[in-house]
Amino acid sequence: MTQPNVFQEGLPLRETGRFRSEIDAASLDFDPELLELLLAEGPLCFLDFEATGLDPTSDVLIEVGAALVRPGTRAVEIFNSFIRTDRILSPFIRRLTGIRQEDVDCAPPQAEVATELDRFIGEVPVVAHNATFERTWLTRAIHARFEDHPFLDTVELLALVYPDARNMKLDTFCREKLGRGERHRALDDALDTLRMAVNVFAEAREGSPAAANARRALERFHPSSPWLGRLRRAPSSRVDRRPAEPARHPAGEPPPPVPFDLEAIAERLEQVEIAERVIPGYRYRPEQRRLLEHVFDCFTGADGKTVRICEAGTGIGKTLAYLAVAVPFARETGAQVIVSTSSKLLQRQLIEKDIPAAAWLTGHGDLRYTLMKGRANYLCRARLDRFLDQSAAQLPPPDSFPLALIAAFARSAGHGEVDRIPGVLYQLYPELERCRREATSGDATECSRDTCERTAGTCVFRQARRRLESAEIIVVNHDLLLRWPPDYPPLTHLVIDEVHELAERADAAYARTADGIEIRHRLEAIADESSGDLLRDPRIAALARRGLELVPQVGAEARAIVGSDPGTYRDELAIPMDGPGPAWGGLLECCGELAETLAELGRRLADAADSDEDPATGASEVLTDAASIIRSSLPVPDEDYVVRFRGLARRSDDQWRLVATPVSPAADFQFEILDRVQTLFGTSATVSVADDARGALGSLEIDERAGDRYQLEPPVESPFDYANNLEVVFIDEPTRRERLVDNTVEVLATLAEHLGGSTMGLFTSRDRLSTAADLLDRRLSPHGIMVIAPSSGNADPHDLVRTFCEQENAVLLGARAFWQGIDVPGDACRAVVIEKLPFDVPGDPLIQRRTELIERAGGSGFYDYSMPRMLLRLKQMVGRLIRTPTDRGMVVIVEARCDRAYFGRLQEALPPKAATRKARLADLQEVVQAFFGTPG
Ligand code: SF4
């Protein structure tokens, strides 16, 4: 039977009490000198709980781990125990923590643990990662006195020291800073929290200015922070900024430059021994040559076709193909080439790896390239300094973590890209959003000599702009591309990677939005007495105050309708095209008054403004625009738009957005992109199905709007041997929704049991995924197979994929975020299960309007719109399996609808020559065995 006191990490157990022991700090690899610095202000108790869930009102604790360290002693005092509960642990919690039912069944009761833990902590301040959670549990489950106990939160420490961290998860920090793998046990996490705090001091000793920058920010803006005294002891005294330098390839002298000539470029790509120096494992592929020709023809305008879209199957090396053309083109013609991608991952890969490699390989190692973002993503030094100075001058002096964070970010993150502040910090500290807005530049008119003379030398936006002006290759994201700022260099030559994402991005980019938070911030700034001259018109202040009352009322009214209408999404509320019903009376009234208020305020601010550069001008434009969007949306929307309130599930009534999405983004796309570019080459691994690109690009109408310039190239197919390496199985059972989860679990379990894990399940519904995860866990845990599934909507797919790859025996389940862009090469994934065909969610108003318009024009909403979109997604899902030439595996589609007339068309979405078969569920075991053979 398992002992109640179980120490992880192989710690030697030397009990000094029922729950306690002591360990030498050196045996845990703590540097005694750094530990002393951390503890110079007194002892600390690092603590972590595991519980049956996240809600202290309904869940219970199941494990506690604590490490108490005191100055002047090298012993780490340990407290670690399971906590008894009569609850059955959910499969998810067992999966996440590795705690078994028998561990808690025979543990000491909570009252006993509470008494011991209370005594263990005593008066020592508690440190935890996301300490609100531990404080709540301590107060509710251990002792009410913890309500007033001193706490330190390492989320705050790490956010100040690493303000551009990838995310704020303890796991991520431990992996990236300490090289430690993922753990979810209480004592592991308590000790890792301690390790991360010590690591801040270790980096400072090595010369990092980050701790000193954090200290200085706290001194100025958050002097009550309990971390301030500790950071004053950090070894570094230097307060500095890190320069942001793009990485360069260290491969030495490049080969001779390649001219912009197809044969010369192709010849260089054939020189494997040269390419291998910058691209490990490089292989020459004839398919890459075909793609190269299409890109080259596009850039030379062969046959007048300067807008070309080409699908490039997995494993072709498409990035190198287009860069190998774009680099010599840019060098020889002096023209800039813009490369647009959808994902940050690909942007990073381009900047850090692919472009340096392509530049070196084509003999242009001195190529100038840069990543550019939208203006609002960069700190504006003029606005930042003004904002921080004004904040510091307030009486009483400020004591605000978000202010300190922005100040620390400005010093430590030399790139100044505020979109790299982890999103979770905005949720934890809503005030941070206001700080971000105040410190970034939203408007080109602000960048005048007058406003930024003092700070121009340190302005990260100007630095980025300078790099932009001189760059030969510029990497951007689709959002920036689609709304290319007029003051950026002209769009002339364009490569759009991940082009299949462009249409959906265009829906968002060309939407008009009235944002409750943005309106509130503008109104607060106006109502603020420091607005000085504006208040000479007393009506302005009165209107701003009224607007501030109305903004949350709009959110509350919209939420009330969502709550009463089961047909709407919880987070959003669509404005009916045939006019709102009686329940909408309060919302219409609020919106009407808000629109009037904002419009009048906009007029008065415009009159009060001295010049275009007056901040009142910017505020006037924002508020007038918001008024116009509200007026054109209610009570009945403009027929060219689908209008929805969004963000209604957020915490505050201010966080609504009224979003008007164009039913067709094609006209905007033509105006913003097509009519401006000389060259457009779009590519992706999934562009078309059976030469039909409507699923990916239909709503952009590129074919019609680019006219004679347009050509859809024949796909360049993947070099992989699908005929031998892929089998697609369609489960041939009648479509019965109530059996879907059970059937999916059956298929997943059959494959996972046969393969010992190595299976990925792709779902179209988060609820079904969650149910399936629990059922599957019960079935597979006796076989030692772990089920990995997102615990909430915001789980990072890449974190889960990393865990899936690291585990030897695991099943990974995912919903929409996993359908594309997930790459699991090798044996970690040998089977993909698709629970059902990925049609659009019924009831989406934008989809409904588009299908209506198609049908009004005599087409079929199903066959001309829904089907191409579904087939494209299916192609993406199937594409998750075979990622390298040696991968071999099986795709099983559970609800394949073999009985439907369109079943035959599913074949079009599969890789060419892939083996296919139908199978009854009862025969699956045999089919799996025939393909994979008997497990060894
Ligand atoms: S140029 Fe001046 S106003 Fe413009 S973003 Fe930079 S510091 Fe701000």
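The structure described here is a predicted model. The side chain of Arg-465 meets that of Asp-487 in a salt bridge, with 3.3 Å between N and O. Arg-465 belongs to helix α21 (residues 460–470), whereas Asp-487 lies in the loop between α22 (478–482) and β11 (493–496), so the pair ties together parts that are 22 residues apart in sequence. Asp-487, at 29% relative accessibility, counts as partly exposed.

Arg-289 pairs with Glu-293, and their closest N and O atoms are 2.9 Å apart. Both residues lie in helix α13 (residues 286–300), 4 residues apart, about one turn of the helix. An α-helix has 3.6 residues a turn, so residues three or four places apart point the same way. Arg-289 is buried at 19% relative accessibility, while Glu-293 is partly exposed at 27%. A further salt bridge joins Asp-899 to Arg-900, with 3.9 Å between the closest N and O atoms. In this pair Asp-899 is exposed, at 53% relative accessibility, and Arg-900 is partly exposed, with a relative accessible area of 34%. Salt bridges with shared partners also join Glu-433, Arg-436, Arg-437, Asp-515, Glu-518 and Arg-522 into one network. The count of salt bridges comes to 73.

The largest nonpolar core has 153 residues, and Met-372 and Ile-673 have the most contacts inside it. Helix α8 (residues 186–205) gives the most to this core, with 10 residues. Leaving aside residues up to four places away in sequence, Ile-673 touches Leu-481, Leu-482, Leu-491, Leu-494, Tyr-510, Asp-668 and Leu-680. A second, separate core of 49 residues includes Ala-275, Leu-291, Ala-312 and Val-325.

At 1.5 Å a residue, the 12 residues of α17 should span 16 Å, which agrees with the 16 Å between its end C-alpha atoms. The N-terminal end of α17 is capped by Ser-400, which places a side-chain oxygen 3.1 Å from the backbone nitrogen of Leu-403.

Strand β14 (residues 641–646) is also mostly covered, with 5 of its 6 residues buried. Strand β13 (residues 573–574) runs antiparallel to β14 and is joined to it by 2 bridges; here Leu-573 stands opposite Phe-645. Strand β15 (residues 657–662) is likewise antiparallel to β14, with 6 bridges between them, and Pro-662 in β15 is the bridge partner of Tyr-641.

The loop between β16 (679–684) and α29 (694–697) holds Ala-690, which has a positive phi of about 50 degrees although it is not a glycine. Asp-691 lies in the loop between β16 and α29 and has a positive phi of about 60 degrees, although it is not a glycine. Asp-691 counts as exposed because its relative accessibility is 59%.

Methods: Residues numbered from 1 in each chain as written. Predicted model: local features only at pLDDT ≥ 70, side-chain atom pairs only at ≥ 80, totals over all residues. Heavy atoms only, no water. Buried < 20%, exposed > 50% of the residue type's maximum accessible area, 1.4 Å probe, protein only. Pairing = 2+ DSSP bridges. Expected span 1.5 Å × (residues − 1). Polar contact = N/O pair within 3.5 Å; in protein donor to acceptor, adjacent residues only side chain to side chain. Core = buried A, V, L, I, M, F, W, Y, C linked by side-chain atoms within 4.5 Å. Contact = heavy atoms within 4.5 Å. Salt bridge = Lys/Arg side-chain N within 4 Å of Asp/Glu carboxyl O.
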